Amino acid sequence: AQQYEWLLADYPNLFSRIQQCASDGKFVPVGGTWVEMDCNMPSGESLVRQFLYGQAFFKEQFGKRSEVFWLPDTFGYAAQLPQIIQGAGMKYFLTQKLSWNNINTFPHNTFNWEALDGTQVLTHFPPANTYCSKVNVTDVVNSVKNNKDKDRAPVSMLLYGNGDGGGGPTVDMCESVRRLSGGVSGLPFMEIAGE
């Protein structure tokens with residue numbers, strides 16, 4: 001929510017356009033917390049407050065709470081995170097870092113993560129194994145080839161943007177998305193969510 005608040009303060013006209021796109025179903029505001037927080041050291045109370053303040057912002061600015069908890073770049077996950085995510089009114093968890101382990105390869109891309117109390121949240125680790133795809137043919141193919149759960153979850157997400165650290169998509173990436181969407185012979189089918 002903090003990045004959206006900065007956008008609102010610094011570029012209010014652009015933020016209004018984003019709000020309209022969200023209202024029209026062309027933009028999905030994800031996140032759900034105030035900032036992308038560490039999940040190893042903070043107390044449960046601290047994690048709950050991240051969701052409390054983040055979801056309040058989403059409700060106020062977008063008319064509804066975020067349904068997708070987006071935590072792309074953290075280095076660990078608290079065991080009770082599914083309980084906190086669900087308690088914040090969210091249905092889904094999207095992240096990337098767990099797939100980058102070079103010692104213990106995680107066996108799934110899409111699964112129900114169960115907390116210690118039995119609470120579950122549908123979780124997805126995009127199979128392209130990056131959150132800064134350039135939307136090239138290799139990344140599109142890897143989104144299908146690396147999907148470990150094709151039998152149960154034949155759809156995967158491709159996360160694209162310029163660099164590690166908050167960069168958004170470039171004009172070239174958007175053009176690649178346009179060209180590769182809707183079916184290109186020899187490539188997996190790709191579509192833009194919300195269209």
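**Aromatic cluster and nonpolar cores**

Author: Ring pairs join Tyr-4, Phe-15, Phe-27, Trp-34, Phe-57, Phe-58 and Phe-62 into a cluster. Rings of Phe, Tyr and Trp (its six-membered ring) pair if their centres lie within 6.5 Å; planes under 30 degrees apart count as stacked, over 60 as edge-to-face and the rest as tilted. The model is predicted: local features need pLDDT of at least 70, side-chain atom pairs count only at pLDDT 80 or more, and totals for chains, interfaces and linings use all residues. Residues are numbered from 1 along each chain as its sequence is written, and side-chain values use heavy atoms, with hydrogens and water left out.

Reader: How many aromatic pairs does the count come to by this rule?

Author: The count is 15 aromatic pairs. In one of these, Phe-57 and Phe-58 have ring centres 6.4 Å apart and planes at 90 degrees, so the pair is edge-to-face.

Reader: Is Phe-58 buried or exposed?

Author: Phe-58 is buried, with a relative accessible area of 1%. Buried means under 20% relative accessible area, exposed over 50%, and partly exposed in between (1.4 Å probe, protein chains only). Phe-57 is buried as well, at 7%.

Reader: And Tyr-77 with Trp-113: how are the planes of their rings set?

Author: Their planes lie at 85 degrees and their centres 6.2 Å apart, so this pair is edge-to-face. The pair links distant parts of the chain, 36 residues apart: Tyr-77 is in the loop between strand 1 (68-70) and helix 4, and Trp-113 is in strand 3. Helices (H or I, at least four residues) and strands (E, at least two) are DSSP runs, numbered from the N terminus.

Reader: Turning to the largest nonpolar core, which residues touch the most other members?

Author: Of its 17 residues, these are Met-37, Phe-51, Phe-69, Leu-81, Ile-85 and Phe-93. A nonpolar core is a set of buried Ala, Val, Leu, Ile, Met, Phe, Trp, Tyr and Cys residues joined through side-chain atoms within 4.5 Å.

Reader: Which elements give two or more residues to this core?

Author: They are helix 3 (44-62), helix 4 (81-87) and strand 3 (110-114). Helix 4 gives the most, with three residues. Apart from this core lies another, of nine residues, among them Tyr-4, Leu-7, Ile-18 and Phe-57.

Reader: Where is Gln-96 found?

Author: Gln-96 is in the loop between strand 2 (92-94) and strand 3. At 0% relative accessibility, Gln-96 counts as buried. A polar atom of the Gln-96 side chain lies 3.3 Å from the backbone oxygen of Pro-126.

Methods:
A polar contact is a pair of N or O atoms within 3.5 Å; within protein, one must be able to donate a hydrogen and the other to accept it, and residues adjacent in sequence count only if both atoms are side-chain atoms.
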